[in-house]
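Student: I would like to go through this model feature by feature. Please give me the general idea each time, then the case at hand.

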Amino acid sequence: SVPRAMTAETEKAAPADAQNKWEGTVTGKYQWDDSKKSNADADKDLGGDAISKYSWGDGKKQVSIYIELEGLDDCTEDMFQASSGEREVSLTITKVAGKKRTFALKQLNDEITGVKVNQKKGKGMIVLKLTKKE
């Protein structure tokens, strides 16, 4: 059979969702729902206890990891449990905003010898100070 050009009449006959239907390997890739974009908070989207939003700064002797969470100002120093290995660091906050929260980074670029937790009261922030191995 010879393919025929789509006319205004054949477009009307096709259901509206059939015009935007993708098949094959792209199925699902191009089917977005704009209503889901209203909440762009990764921690809330995950709905778990893992902390996924952080920033960092690299210095000569140490690396600083900045974590901001609602409710951190209400935490006491004993609620933070940090540990480190040669190329990994982890933090557990026993209770912040009613939930246990965890943070972990593995396969760090360079080796570290330790980690310290500094709480920034009034800013809702903690800073993990990773000491680089010399």
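Student: Which strands form a hairpin, and how many residues lie between them?

Tutor: First the terms: helices (H or I, at least four residues) and strands (E, at least two) are DSSP runs, numbered from the N terminus. Here β1 and β2 make up a hairpin, with 3 residues between them. The model is predicted: local features need pLDDT of at least 70, side-chain atom pairs count only at pLDDT 80 or more, and totals for chains, interfaces and linings use all residues. Residues are numbered from 1 along each chain as its sequence is written, and side-chain values use heavy atoms, with hydrogens and water left out.

Student: In which sense do β1 and β2 pair, and over how many bridges?

Tutor: Two strands count as paired if DSSP finds at least two bridges between them. Strand β1 (residues 55-58) and strand β2 (residues 62-68) are antiparallel, with 4 bridges. Within this pairing, Asp58 is opposite Val63 in β2.

Student: Which strand is joined to β2 by 7 bridges?

Tutor: That is β7 (residues 125-132), and β2 and β7 run antiparallel.

Student: How should I picture the side chains along a strand?

Tutor: In a regular strand they alternate between the two faces of the sheet.

Student: Where is Ala97, and what is its phi?

Tutor: Ala97 is in the loop between β4 (88-96) and β5 (99-105). Its phi is positive, about 55°, although Ala97 is not a glycine.

Student: Is Ala97 buried or exposed?

Tutor: Buried means under 20% relative accessible area, exposed over 50%, and partly exposed in between (1.4 Å probe, protein chains only). Ala97 is exposed, at a relative accessible area of 64%.

Student: What is the phi of Gln107, and where is this residue found?

Tutor: Gln107, a residue other than glycine, has a positive phi near 60°. Gln107 sits in the loop between β5 and β6 (112-120). With a relative accessible area of 75%, Gln107 is exposed.

Student: How many helices and strands does the chain have, and in what pattern?

Tutor: The chain has 3 helices and 7 strands. Along the sequence the pattern reads α-α-α-β-β-β-β-β-β-β.

Student: What do the totals for the chain say about burial and contacts?

Tutor: Of the 134 residues in the chain, 22% are buried. A contact means heavy atoms within 4.5 Å. Among contacts between residues at least 6 apart in sequence, 48% join residues at least 24 apart.
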